[in-house]
Amino acid sequence: MSSFFRVSNLSKSFAGVPAVADISFSIEQGAIVGFVGPNGSGKSTTVDCLTGFQSVDEGSWSLEGTPLSGLPRNIIARNGLSRTFQAVQAYEQLSVLENLLVARQEFESVGFFNSILRTAKLRHSENDLLERAAELLDVVGLTHLSEYRVEFLSYGQRKLLSMAGAMISRPKIVFLDEPVAGVNPTMVVRITELLRKFNKLGITLVIIDHNMEFIMDICKRVIVVEAGSIIADGDPSLIRTDPKVLECYLGEDVPEGAN
């Protein structure tokens, strides 16, 4: 198993009902992996736990050998694990650029002393942040909207902004929760191309989505969960024909021509 990102025996219950039941898996560096399952299967809870948005009952996880279990979410992000949310989170009254700056500052560690005295370290951090934000706005195609308040963006543009926000801290691995949910087919194609571009830049991606045509197209490996447990893990062509997967989730929704 890969040692890049490893999850061991992760469990989480709510009021005694298991949402995640002893899940273990690993992700290879540079991969694009689908993490799918029906509603209520434990996908989002797993991601919430791994990114520090939920506490865990049991289990551990690490990135490049660095233990992340139980750390605050900003420290987890600072160590290279980032995420997006199904419901796009943004500051409506701030500009597109300001939203990216805020997203990065949540993970900064310049310290009180540097902030008060405006040291060279702080100035370098600010310049780096502005350069990184400009670079990401160009990558996602929102440079022309950088000074617009987020409230004026379309839903698809908000999705693009959320991806830029997840990438602002230069993560090593990103979990994307429903990146193409609710967007039109043209935006699906645009987001697919964008995620491939991020992956070519060296970012490992784990994608949670119900659009199985999208998942089968972009992912070389798919992990399927049901009732908080992994029931299948492998190449999309094998997942498509797995009897347990067909019974619990995919069924006829998987296009025959998907690859």
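Me: Two strands pair if DSSP finds at least two bridges between them. In this predicted model, which residue of β8 stands opposite G34?

Reply: G34 stands opposite I207 there.

Me: Why are strands β3 and β8 said to pair?

Reply: Three bridges join β3, residues 32–36, to β8, residues 204–208, and because at least two are required, the two strands count as paired. They run parallel to each other.

Me: What makes β6 and β10 the edge strands of the sheet?

Reply: The sheet is open and has six strands, in the order β6-β7-β8-β3-β9-β10, with mixed pairing. Both β6 (81–83) and β10 (229–234) pair on one side only, and this is what makes them edges. From one strand to the next, the twist averages 20°.

Me: How do you know that helix α6 touches the sheet, and what angle does its direction make with that of β7?

Reply: Contact requires heavy atoms within 4.5 Å, and α6, residues 155–167, is in touch with β6, β7 (173–177) and β8, so the helix is said to pack on the sheet. The direction of α6 makes about 155° with that of β7, on a scale that runs from 0 to 180 degrees.

Note on methods
Residues numbered from 1 in each chain as written. Predicted model: local features only at pLDDT ≥ 70, side-chain atom pairs only at ≥ 80, totals over all residues. Heavy atoms only, no water. Helix = DSSP H or I, 4+ residues; strand = E, 2+ residues; numbered from the N terminus.
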